[in-house]
Amino acid sequence: MTRFPVYWLICLCVFSACQDSSTPPLFDLVDAETSGLLFANQIAEDDTFNILDFEFVYNGGGVAVADFNGDELPDLYFTGNTESNAFYLNRGNLQFEDITDQTKTAAANRWCSGVTVADINADGRPDLYVSATVYATGNRRKNLLYINEGNGENGVPRFSEQAGDYGIADTSHTTQAAFLDYDRDGDLDLYLVINEMDNRMIPNRYLPKKKDGSGRRNDRLYRNEGDQGDGHPVFVDATSEAGINMDGYGLGLSICDLNNDGWPDIYVTNDYVTNDLLWINNQDGTFTDRADDYFKHTAYSAMGNEVADLNNDGLDDVVALDMFPETNARRKSMMPANNYFAYINNDRYGYQYQYTRNVLQLARGPRPEGDSLPIFAETGGQAGIAATDWSWSVLAADYDFDGDRDLLISNGFPKDVTDMDFMDYNIRVGNIASREMLIPQIPEIKLANYAYANDGGAVPTFKKVTQEWGMDVPSYSNGAIYADLDGDGDLDYVVNNINDRCFLYRNNLMEQRITDEPTFVGVRLQQSDGNTAATGARVDLLDEQGQILATHYQNPTRGYLSSVSQDLYFGIGERSASSLMVSWPGGQISVHEIDNYNKVITIAGPQGSAAAGAAESMDDRPVLDSAPNLVANFGPHKDSLFIDFNVQPLLPHKLSEYGPGLAVADVNGDGLDDLYRSGSHFYAGELLLQQASGGFSPVPFEGHGKGQEELGSLFFDADGDGDQDLYLASGGSELSISSNDYLDRLLINDGSGNFELADNALPKIKNSSSCVRAADVDQDGDLDLFVGGRLAPARYPEAVDSYLMLNNGKGQFTLAQTELFEKLGLVTDALFTDYDNDGWIDLLVGGQGMPLRLFHNDGGTLSENTPQVFQDHVGWWNGLTGADFDHDGDIDYLATNFGGNHLYQQNGEDFVGLYGADFDRNGGYDLLVADRALDSMGRLKEFPHFQRKDTEKQVVMVKLVYPKHRDFGRTTMPQFLKDFPNDEVTALRANYLRSCWVENLGDGNFAFHTLPLEAQLAPLFGGVTTDLNGDGYLDIMAIGNDYGTETGGGRLDAMNGICLIYQPADKTFRPLSIQESGLYVPGNGRTLVTLRSGDQRIAVAAENQGPTRAYRLPNSPGGRWYSPQAGVSRLMLTHQNGERSVREIYLGSSFLSQVSRQVWLGADVNEVEEVMMASK
């Protein structure tokens, strides 16, 4: 939620002095006897009809709301399964009368699922369309259309069932339906989501996708042909001709416009292994499924969904629900074991990646290149909404009227057949036990629904407010709606429950107001054509400058099986709203001044003129310019498939997919930057030489090895002959550490770019390394080396050695200070830097499960001098580079990290533990991962991260110590370590996973500053500092993602590259949108370098098993290139405003990267002073 204005706070303080100290809840649960809402979706199981024989028995029913009798009071309609439907007339003051019998809308002897409201015959009265399913007899499975024929006695509306007459008495096991004008001809068409359980098939089995419309769960599309002479519309089946041809277990349905072209699209969430469908309207009467193009992954057992703008950027976001629990006990009892072969089958059968958790697909605008498709980043983990257990309906609305949409989520399941203990029991006795014996053994999941308040950020995060909002009542809840049922202006909430009476939550917001300031604006749209409620219109709330404050897309079919109010509500919050812009379904646009607040405004249409395309201006062009052909000779990076989880089943991520590295230098002495991309297992590294034209051409390089996993690569003058030699650090996890492939290599340059292996130049150390960095540590005039040790194959997370190697001046290296770097940790990056400006190069080291470690250089000897603030921030660090961001004359640092969009964070606080030992005393090495989750009392505690079935793959004895999954679910990590004692446990507990910049305060003091949320969407790896906006201050470019994470949590793929502009006034960084920056690296981003091509600044970004991309950076007017002399370690810069800053010249910086030594200086730099790395 956004903050209250100051005057609100003052008033609240005064008000609170006279009231009880506790804050009244936002919602009250109205007693059913008081409201008259007595409906309960009662489902009785027996030995022939139960969850074991019919998986859909508890999929539940929906709710519809509309003013059916025209008295300005919204009425309610509930669907039942074995219970008849119910119609309740709103008599005011939240009093309802059951008029089901009078309206003849009970739909008795049918299993009804979803319900939606539309004025299908355009007579100005809302009608009801009810979806029927389950029963084998077709007549009992016909969908129902209740046409509203106006009021009878006592204001009771009359209905007649006419689905057959209209041509939509479909019998295809409909879950839900939605009306839309997909061909924009002015009337409403109909889409049906189909879901039928086929007892001959296992729904989670991978099979070739049915893409020809022949599947028995193929959805249906009906086109409205208008009045054919009978006085009402008639529909025809247009499924095939419209291209609706994909099979799926459909549950959720939203009509939306995700590409913002003004034509309605269709989003369907599918259960089980079948992928979600995103039918993009081709504007010619056909649709194309673009889910795989828009989303990088989706929810696995996707249920209800919602499409709404959650961050007020004018772009609709997508929420889809799944079944991931919040408490550790439920996770351990419910979640299946990880299975990497699901990844393999996804690729084999063409399925999209799916994970068992709620997802929030955050819209990031159009792609800056190519076909301008929308970009979505899945941020459910960072948003804090990933885990709401067995969830059904999600509804986004501004329930507290603070200006942003909050989320209400229904959940619960009467019989959890996924419970692992029950499944074990069923396997043992299921063939002989009766249903009467089995069913009582199935756990019941009766949980409170979830309420989340939106914080209003550009990257939205949500606070769980279930108790604060008065909604902490356990239930088995399914469909739900919001509407202003009592006419007070705020949104009430109604839920359809299984085996309990429905919920009516009264919103108390307007009654609790203490000011007459504008709180909301309501909008009711009307049209005079066949689409009277303007379904498919978009309404934008604008400020006085015409900027969008919020947006609504008009379609009532939302959440799960339900139809919400068609009045649109905008919370005002602290903003100053001026007008409403309506984009009508036919393409016209009209703007309307707001003259009344805190009421519903009726806008009649369509009116206005057709939308005109916006002309691109110079100011709209991105900072970076894509140069797709510049390094095209690299081709996509290749890596061999290695399943690390077969070696250590509980790895949090793969260890074999961290390349490629990138290194820049002039290797042939022509004064031009050349580029090396390191090789991977079975694939050789590649060298591109820059041509005088600025292009890059490949040269043969395969003779230097084709098998080693090269990670770190570094050009430096090893032998002092003035050219650039090449060090290749061997790493990875694919082989035994005894393999010669783990020997690093030094390739000596003949001065013309030809390289020869120097066999005896390096110590014969077999080590799985990460980075290699060079500097003159002892100031003897040659370059020494630091090589970071990354891991011990099959023994992760055991600490490994790193190495400092001193150069004898002729390119021969010997180990130095070995004890200092023995068992240093799981090093990912290192940086030679003079942090204290004493003229000696110090060493900063980062790694996984360790703090940043600082080694001070005292006259050529390194000693650890890690400050306490570093020790307090234990991360999964990836990359390090330095920059004097604040122009105070010392070096600050950019440290890339794991990010915040994952399951290791709770309420914005990070924790993940890595534990290694021979826990089961069988002579092997075991790994355990721990995180924090809620215990049975709602307290955050440290638990083993993986399920028992996963854990017993690593620690076989686990099954004997914890015979029940629920036993394992109660076991904290400290208790586990007691149950499996070992005196030699490696324990790496990380408490800070956010990418950050570390401010150098001088005198050995530092401050950590977390980068904006946009930079925490995924792990960041490569990062560079460069001036992007020409203000003389260094900004940040970074790339990331990790596709190798464990399969339960799933790929961390929300990053598309990020540019951050330094703000000197407050020492913060402002994120650029993708459209502003032009940086778009959507894949498994790893390394990032800058180089010089002609007079142009170039950035090159490499992905693991993806393309390597190039971008032209802007050259600020008056700027110039500066080429430091060999041996220069830093530049002292004097700026026009009198500030003095420092630039360090690195031989290797950030993750597996080496940028050019050539430096771009802005026009504000007056003087440059070179500082040599050696006193000589």
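Guide: A surface patch is made of residues with over 30% relative accessible area and no salt bridge, where like charges are joined within 9 Å and nonpolar side chains (Val, Leu, Ile, Met, Phe, Trp, Tyr) within 5 Å. The model is predicted: local features need pLDDT of at least 70, side-chain atom pairs count only at pLDDT 80 or more, and totals for chains, interfaces and linings use all residues. Residues are numbered from 1 along each chain as its sequence is written, and side-chain values use heavy atoms, with hydrogens and water left out.

Visitor: What makes the patch of negative charge on the surface?

Guide: E161, D165, D227 and D230 gather there. Asp and Glu count as negative and Lys and Arg as positive, with His and the chain ends not counted. The charge is placed at CG of Asp, CD of Glu, NZ of Lys or CZ of Arg.

Visitor: Why is D227 called partly exposed?

Guide: Buried means under 20% relative accessible area and exposed over 50%, with partly exposed in between (Shrake-Rupley method, 1.4 Å probe, protein chains only). D227 has 48% relative accessibility, so it counts as partly exposed. Its place is strand β12 (residues 220–227); strands (E, at least two residues) and helices (H or I, at least four) are DSSP runs numbered from the N terminus.

Visitor: What makes the nonpolar surface patch of about 270 Å²?

Guide: M957, L960 and V961 form that patch. L960 belongs to helix α13 (residues 958–961) and, with a relative accessible area of 63%, is exposed.

Visitor: What does the salt bridge of E710 and R745 tie together?

Guide: The N to O distance of E710 and R745 is 3.0 Å. E710 lies in strand β48 (residues 710–716) and R745 in strand β50 (residues 745–749), so parts 35 residues apart in sequence are tied together. E710 counts as buried at 3% relative accessibility, and R745 is buried with a relative accessible area of 6%.

Visitor: Which residues are linked in a network of salt bridges?

Guide: E72, R524 and D567 are linked in this way.

Visitor: Why are β47 and β81 said to stand at the edges?

Guide: The open sheet of five strands runs β47-β46-β45-β44-β81, with mixed pairing. β47 (696–699) and β81 (1153–1154) each have a single partner strand, so one side of each lacks a neighbour in the sheet.

Visitor: How do you know that β45 and β46 pair?

Guide: Pairing requires at least two DSSP bridges between two strands. Strands β45 (residues 674–677) and β46 (residues 686–690) share three, in the antiparallel sense, so they pair. R677 stands opposite E686 in β46.

Visitor: Which way do the side chains of strand β2 point?

Guide: In strand β2 (residues 63–66), V63 and V65 point one way and A64 and A66 the other, and all are buried. β2 is joined by four bridges to strand β3 (residues 75–78), running antiparallel, and V63 has F78 as its bridge partner in β3.

Technical notes. Salt bridge = Lys/Arg side-chain N within 4 Å of Asp/Glu carboxyl O.
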